[in-house]
Amino acid sequence: MKQPLALFLLAIATATALPAHAQLLPQAAQGKQPLDRIVAVVDEGVILQSELNEAVRSVQQQYANNPGQLPPMDVLQRQVLDRLILMKLQVQRADDQGIRVSDADVDQAVAAVAQQNHMTPEQLRAAVESEGGSFAAFRHQLSDQLIAQRLHDSVIRDQVTITDSEINNMLASPSYKAGEVHLAHIQVSLPAGASAADIKAAQDKATQAMDAIKGGMDFHAAAIRYSDAQDALEGGDLGWRRMDEIPPAFADAVGNMKPGDVSPAMRGPTGFHILKLVEQRQPSRQVVQEFHARQILIRPSELMTPEQAHQKAQDLYSRIVNKHEDFATLAKENSKDDTTANNGGDMGWFMQNDWGSTIAQHMGELKDDQVSQPFQSEAGWHILQRLGTRQSDRTDELSRNQARQAIGNRKAEQAYEDYLREMRSSAYVNILVPELRDPNEQQGKKSS
């Protein structure tokens, strides 16, 4: 169970900074760190040495079995610090816009992380502390991630629109029909309003990365060492993407590559990019299993306690199974699901997860015409009757949904990347520790 937790801590380390008041200063008193200090001033906030050390430690822990893939310590510290700075700026910008998260939101996130790692929240706390971390700091990091996500949603909400004509054009394009590719990348970024010197420095760094790869360095390791992208410390893995999701400037290059090939360094609007084609696969028909079912939902209310709701569901189940009363009639009279009650609880045909994971689990356990025992979800108490199953070709419907999602993701990714570049370029950032400074970046000055 330690590995999934380490993966999550890596995600935090590469994307999250703690507020200046994070409860890390007491570590010095505990003997974990002789002296804390400010390593960077970021607009109105600061980043502490203890924050940087904790983030670097998490990355090193993730790569404990492959330490040779990490860059030299000075490079790693600069990479992690840059990500801490970016997260600090996002949290500050979100605060300016009134974006907040509550303790209950953080509690829910803690529970979700624990569940992903097959732990209880208490076991998660013990695991974090056993690995040398502070659980209070862990909660701060989660809080920052939630805030950054809400800022992201706020930024792209009004900037990303998708039309039917865009979807139709994508579905008709040769690139959409070309299937999917699994890519990794190295990105050498340019600041907003880059000067000739900035461009030359970025080009030289991209050339160094290409030379290292040609010299035998694993692409994953090269991404960790040279990439400026937020996924650098994960080896630059972009996962599976449809060909139409790739920016047109790079699609032609990828289209001519074979699995294992690495592209030359290509200039894009945000910097220089090196792509590796890991795998590719062709599109196929999407035949899925669908279920037909009906349900009765009993919701607790001000007039009905949870216990009374449970008892009513049990009584209805008994009337259906033991007294053979009509399911549809009882659903019309008793169900509190507005979308199905008037139709006798009929849910129509649907894929297994369309109604949520709880219903999906019970649906998979039923046989046709079988009625489930009452079970509880967040909505209330359910009684299900599975009416039938079928295999359905939903290629066209799923293709449209995938195209809509691909267009939205591409627009959102570009919009937020532009937002982050502008935010970073206009921010006051002063790195106080000389060895942590990027030699090509001017300190303590807002870029125009």
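This is a predicted model: local features need pLDDT of at least 70, side-chain atom pairs count only at pLDDT 80 or more; totals for chains, interfaces and linings use all residues.

Biologist: How many helices and strands does the protein have?

Modeller: The protein has 16 helices and eleven strands.

Biologist: And what share of the residues counts as buried?

Modeller: Of the 448 residues, 46% count as buried. The protein exposes about 22,700 Å², and carbon and sulfur atoms supply 48% of that area.

Biologist: Among contacts between residues at least 6 apart in sequence, how many join residues at least 24 apart?

Modeller: The share is 71%.

Biologist: Let us turn to helix 11. Is it mostly covered or mostly uncovered?

Modeller: Helix 11, residues 219–226, is mostly covered, with six of its eight residues buried. These are Phe219, Ala221, Ala222, Ala223, Ile224 and Tyr226.

Biologist: Why does tyrosine 226 count as buried?

Modeller: Tyrosine 226 counts as buried because its relative accessibility is 14%, and the cut-off for buried is under 20%.

Biologist: Which residues does it touch, leaving aside neighbours within four places in sequence?

Modeller: Tyrosine 226 is in contact with Gln79, Ile186, Gln187, Val188, Lys205, Gln208, Ala209, Ala212 and Met217. As for lysine 205, it is 21 residues from tyrosine 226 in sequence, and the two are 7.3 Å apart from C-alpha to C-alpha.

Biologist: You mentioned helix 4. Where is glutamine 92 placed, and is it buried or exposed?

Modeller: Glutamine 92 is in helix 4. With 17% relative accessibility, glutamine 92 counts as buried.

Biologist: What does that residue touch, not counting residues up to four places away in sequence?

Modeller: Glutamine 92 touches Val42, Asp43, Glu44 and Gly45. A polar atom of the glutamine 92 side chain lies 2.9 Å from the backbone oxygen of valine 42.

Biologist: One last topic, helix 15. Which of its residues are buried?

Modeller: In helix 15, which spans residues 357–365, Ile359, Ala360, His362 and Met363 are buried. Among the elements covering them are strand 7 (287–298), strand 8 (346–351), strand 9 (375–376) and strand 10 (381–393).

Key
Residues are numbered from 1 along each chain as its sequence is written. Side-chain values use heavy atoms; hydrogens and water are left out. Buried means under 20% relative accessible area, exposed over 50%, partly exposed in between (1.4 Å probe, protein chains only). Helices (H or I, at least four residues) and strands (E, at least two) are DSSP runs, numbered from the N terminus. Contact means heavy atoms within 4.5 Å. A polar contact is a pair of N or O atoms within 3.5 Å; within protein, one must be able to donate a hydrogen and the other to accept it, and residues adjacent in sequence count only if both atoms are side-chain atoms. Accessible areas come from the Shrake-Rupley method with a 1.4 Å probe; for residues, only the protein chains shown count as cover.
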